[in-house]
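Dear colleague,

Please find below the sequence and structure that I am handing over to you. A summary of what was found follows.

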Amino acid sequence: MTPPTPIIGVIGLGTMGLGIAQVYAAAGFPVIATDAHAPARDSARDRMDQALAARVSAGKLTEAARAATLSQLTIAGTLAEFAPCDLVIEAIVEERAAKQDLFRQLETILRPDGILATNTSSIPVRDIAAGLAHPARVLALHFFNPPSAMKLVELAPHDESLTQHINTARQITEKTGKTVIQCPDRPGFIVNRCARPFYGEALALLAEGRTPSDIDAAMLAAGYRLGPLSLVDLIGADINLAATRGMYAAMGNHPRYHVFPALEAQVAAGHLGRKSGQGFLHPAQPGPAPADAAEIALRIESTLINEAHWLLAEGGTTPDGIDTAMRLGLNFPRGPFEALALHGRPAVLQTLARLHAAAPQPLKARYTPAPGLA
Ligand code: NAI
């Protein structure tokens, strides 16, 4: 007898929740979804249909698949309707108290083995689980925006998450075609943490007088699809600043996560990037690669390699996992461990030593090699 198809719950039907609901529905899972805001509930089916219709128009989806996906979606008006769910994913407001409160209600409704997953970007999973009667059923399933297109999902258990729940959440999510990478319950998980030096070192170069065009052109020449400053322009300098400040605070104000004044100045000036019409580079494109492009790329990649080794040293992940996450989550041409193999350890360590020697005193610790790298 084949086991019944797991039922997925999604709570919060904003940017992420609606996309997450679509991912599981498209893979044939029944999805029960809701939002605290009635207009978000009432418009959810139409919004998902529009997203699916765009894929049909682009030739990426058949009409039959569009109809099949929509038929899996049930919009609920109450949390009691989530009782049959095997896995509930919350994508509500990024506030610890709101997420805890929601999970507290859900654990009285779900079966004892029902999994509670959070899509949080910045709240420790163990903090969301704290105070629940069964914290072992809580873990993070962190999707990337837009969930339907981004292949990566970071799976972050906390110390008490049950292996059985970790495995079940992974198996169900892999059936949607996503690549699920396990990572520790640490700030920024893998991608948002290991990406910090991509922006940070570009801002350090900017502070030293390099132009945004030179910096981005160097990374394009090294195989990156977007340079770091163009990526800030795409994401929004305000979003990037908030993420940088959040990481800096979460990591005890360590200089590896230094908030560079140039980023704060962009936000203060309203030069947020594409959304405001003016960014570090936007609306311009990077010019030709400078003569020292390879040196710039080695510098930025050395700091990416170092950050990845610091994360690795904290446990709960693997070099392969980090590489895959960075390729899929950021469209990087190679992960940090692949970059290490490309450049060789001596070149990376020499680069870090040179940067350490040249850095102003408060920033020297940015370049201290991680235990597994030195
Ligand atoms: P959003 O603001 O687009 O959507 C949040 C939705 O949740 C809204 O429709 C709101 O009405 C609803 N909501 C708020 N409190 C609720 C509650 N107590 N019960 C039910 N519904 C409630 O937010 P977005 O961007 O979709 O983010 C959701 C979560 O996903 C956050 O935790 C965020 O940090 C995380 N995330 C966001 C990413 C992004 O790029 N936007 C990427 C990865 C994670």
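**Aromatic residues**

One aromatic cluster is formed by Phe198, Tyr199, Tyr224 and Phe332. Here, rings of Phe, Tyr and Trp (for Trp, its six-membered ring) pair if their centres lie within 6.5 Å; planes under 30 degrees apart count as stacked, those over 60 as edge-to-face and the rest as tilted. By this rule the count comes to 6 aromatic pairs. Tyr24 and Phe29 form an edge-to-face pair, with 6.1 Å from centre to centre and 70 degrees between the planes. Tyr24 counts as buried because its relative accessibility is 0%, and Phe29 counts as buried at 4%. In these terms, buried means under 20% relative accessible area, exposed over 50%, and partly exposed in between (1.4 Å probe, protein chains only).

**Basis of the values**

Please note that this is a predicted model, in which local features need pLDDT of at least 70 and side-chain atom pairs count only at pLDDT 80 or more, while totals for chains, interfaces and linings use all residues. Residues are numbered from 1 along each chain as its sequence is written, and side-chain values use heavy atoms, with hydrogens and water left out.

**The chain as a whole**

The secondary structure of the protein chain comes to 16 helices and 8 strands. These are DSSP runs numbered from the N terminus, with helices (H or I) of at least four residues and strands (E) of at least two. For 374 residues, a compact globule would have a radius of gyration near 21 Å, and the 22 Å of the protein chain agrees with this. That radius is taken over C-alpha atoms, and the globule rule is 2.2 Å times the number of residues to the power 0.38. The C-alpha trace of the protein chain spans about 60 × 45 × 40 Å along its principal axes. Of the 374 residues, 51% count as buried.

**The ligand site**

Which residues come nearest to the ligand? Of the 19 residues around the ligand, these are Met16, Asp35, Glu94, Lys99 and Asn119. A residue is near a molecule or strand if one of its heavy atoms lies within 4 Å of it. The shell around the ligand divides into 7 nonpolar, 9 polar and 3 charged residues. For this division, Ala, Val, Leu, Ile, Met, Phe, Trp, Tyr, Cys and Pro count as nonpolar, Asp, Glu, Lys and Arg as charged, and the others, Gly among them, as polar.

A polar backbone atom of Thr15 lies 3.0 Å from an oxygen atom of the ligand. A nitrogen atom of the ligand is 3.0 Å from a backbone N or O atom of Ala36. For Glu94, an N or O atom in the side chain is 2.5 Å from an oxygen atom of the ligand. The ligand taken alone exposes 840 Å², of which the protein buries 70%. Accessible areas come from the Shrake-Rupley method with a 1.4 Å probe; for residues, only the protein chains shown count as cover. Helix H1 (15-26) and strand E6 (138-143) are the elements that give two or more residues to the shell around the ligand.

**Backbone and loops**

Two cis peptide bonds deserve mention. The bond from Asn145 to Pro146 is cis, with omega near 0 degrees, and Pro146 lies in the loop between E6 and strand E7 (152-157). The bond from His282 to Pro283 is also cis, with omega near 10 degrees; Pro283 is in the loop between helix H12 (261-268) and helix H13 (293-313).

Phe189 is not a glycine, although its phi is positive at about 45 degrees. Phe189 is in the loop between strand E8 (179-182) and helix H7 (191-194), and counts as buried at 3% relative accessibility. Asn253, likewise not a glycine, has a positive phi of about 60 degrees. The loop between helix H11 (237-250) and H12 holds Asn253, which counts as partly exposed at 44% relative accessibility.

Thr78 is placed in the loop between strand E3 (73-75) and strand E4 (87-90). The side chains of Thr78 and Glu81 are joined by a polar contact of 2.9 Å.

Yours sincerely

Note on methods
Polar contact = N/O pair within 3.5 Å; in protein donor to acceptor, adjacent residues only side chain to side chain.
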